[in-house]
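Colleague: Let's go through the aromatic contacts in this model. I want the criterion behind each label.

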Amino acid sequence: SNAVEMGQLSEMITSFAIAYQEIQFAVVSNQKNILNLLPVSDVKERLRIFFGDELVSQLLLVEDESVLGGRAYISNPLVTKPTGRWQFFFLNRRFIRDRIIAAAVRKAYYEIIPGGRYPAVFLFMHLPFEEYDVNVHPTKLEVRFRNGWQIHDNILGLIRKKLLDSELPASVVSVTPGWTGEIPLSGSPVVQQSSSVMQALVDFFKTHPGEHFQSPPSAGQANLPNQTSAGPIFPRPAGPDISRAGSAPANSFPSDSATSLPAASTGVFQVHNTYIITEDRDGLLIFDQHALHERILWTQFKEQMRMAVLYRQKLLMPVLVELEMSESALLGEVKPYLEKVGLEIEEFGGRTISIQAIPQILNNVNLPELIHELLDNFMTDKPASSAGKEEDVERTMSDFVTKNESDKVLDDLVKVMACKAAVKAGDRLAPEEIQALLKAQNEPGYTTTCPHGRPAVWKITLAELNKYFQRPS
């Protein structure tokens with residue numbers, strides 16, 4: 001479609017305009033001036049036009065002629081993105097995609113930014129022509145370096161040194177308590193889920209002896225505040241809301257004991273503000289609080305959409321979001337989907353939009369970050385859905401988006417929204433909030449994974465505990 005074509009064209013123009021800031025670029029579509037970039041002397045001026053002053057003002061300069069032959073602008077660890085689309089690598093002004101460089105950037109930020117997030121990086125390298133080969137891919141987007149791993153190690157060392165030499169806020173340092181300072185050159189270690197959780201258990205009970213509270217009362221005894229027509233909500237001034245849909249009948253335990261609500265006499269613990277631990281009838285249940293809440297919100301949201309009773313709230317003060325050029329080109333096509341999931345958006349002028357209303361579950365969510373992630377998710381997923389099907393290439397978007405495809409797009413958007421609204425690892429939960437989470441996981445539609453398929457609960461049976469402690473069965 002025109003919007004998708006314009007989005008891809010925008011990405012190409014962006015890469016050219018960043019590399020050649022001394023050249024004027026103009027974009028005209030349907031006799032309408034979309035963009036007119038005048039020559040500038042500083043590449044950061046071009047970056048500011050495409051990515052906004054908020055990002056550019058947080059960039060750190062890495063400069064070393066002997067290693068890079070140029071310079072790089074890298075984002076402060078507090079400024080991260082949902083995908084690697086904000087990473088631009090240039091070799092002698094040629095825009096390239098390179099796994100070795102991407103790996104070096106990823107390892108440089110290892111344990112400094114949260115997992116699943118990406119830094120913004122604008123890397124400008126200059127190398128002699130004999131040091132690389134451009135004839136390895138038809139589109140010339142990939143190159144082959146003569147000394148690829150040396151370049152990898154040089155970039156990794158420079159970026160890592162800059163990050164560690166900078167005065168990072170305490171909130172960044174706290175992401176990695178106990179980090180020894182070693183750089184994992186061979187890749188991130190793979191830690192088994194069982195060992196990490198067991199270590200968390202040991203650490204918790206060493207430092208918090210006897211700290212617990214009683215498990216949730218039965219559904220008939222629950223006294224949940226702030227019951228509204230949209231379902232019970234716990235207000236959390238310093239974090240996202242806990243929402244749940246409906247109430248489970250008293251004593252309605254599912255047949256699967258792995259997800260059953262514990263008896264009223266058991267204790268409940270929050271370990272490292274990340275895991276919720278409680279007894280089961282025949283063992284121990286360990287919940288990942290983020291994955292558990294994400295699944296609950298996703299189930300609730302899908303049910304609201306199915307019943308056509310989506311609960312929205314008008315914003316007293318609309319939130320303004322400045323879009324990138326490629327995002328703005330796709331807005332007309334994405335807007336109907338956003339409206340279906342409860343986001344009311346109006347054009348404000350230029351590439352700025354105004355958020356007028358949001359779904360109720362999105363209280364205390366960073367709305368500009370959410371909008372960028374939703375648009376990025378749409379741009380990433382839509383072209384891929386026709387990859388490998390030659391007959392689909394000629395279809396327009398309106399032809400291609402069948403009912404099933406439309407449902408998939410909506411489902412993907414809801415997954416992102418549920419993930420953003422859910423409590424995070426590190427959030428300290430009040431006892432009533434943990435009660436609500438454990439009660440809600442017994443309601444219809446809940447499963448033991450988050451919407452992305454990550455486990456939300458791990459069960460250790462009494463037999464496994466007895467075996468570990470060498471007790472007779």
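What follows takes the ring pairs in turn, then the charges over rings.

Modeller: Two caveats. This is a predicted model, so local features need pLDDT of at least 70, side-chain atom pairs count only at pLDDT 80 or more, and totals for chains, interfaces and linings use all residues. Residues are numbered from 1 along each chain as its sequence is written, and side-chain values use heavy atoms, with hydrogens and water left out.

Colleague: How many aromatic pairs does a search of the whole structure find?

Modeller: Ten. Rings of Phe, Tyr and Trp (its six-membered ring) pair if their centres lie within 6.5 Å; planes under 30 degrees apart are stacked, over 60 edge-to-face, the rest tilted.

Colleague: Why is the pair Phe-88 and Phe-122 called stacked?

Modeller: The centres are 5.7 Å apart and the planes are at 15°, so the pair is stacked. Phe-88 is in strand β6 (residues 87–91) and Phe-122 in strand β9 (residues 121–125), 34 residues apart. Strands are DSSP runs of E, at least two residues, numbered from the N terminus.

Colleague: What makes Tyr-468 and Phe-469 edge-to-face?

Modeller: Their planes are at 85° and their centres 5.0 Å apart, so the pair is edge-to-face.

Colleague: Are Phe-88 and Phe-122 buried or exposed?

Modeller: Buried means under 20% relative accessible area, exposed over 50%, partly exposed in between (1.4 Å probe, protein chains only). Phe-88 has 10%, so Phe-88 is buried. Phe-122 has 1%, so Phe-122 is buried. Tyr-468 and Phe-469 are both exposed.

Colleague: Which charged end sits over the ring of Phe-124?

Modeller: That of Arg-71, 5.1 Å from the ring centre. The rule: NZ of Lys or CZ of Arg within 6 Å of the ring centre and within 35 degrees of the ring normal. Arg-85 lies over the face of Trp-86, at 4.7 Å from the ring centre.

Note on methods. Helices (H or I, at least four residues) and strands (E, at least two) are DSSP runs, numbered from the N terminus.
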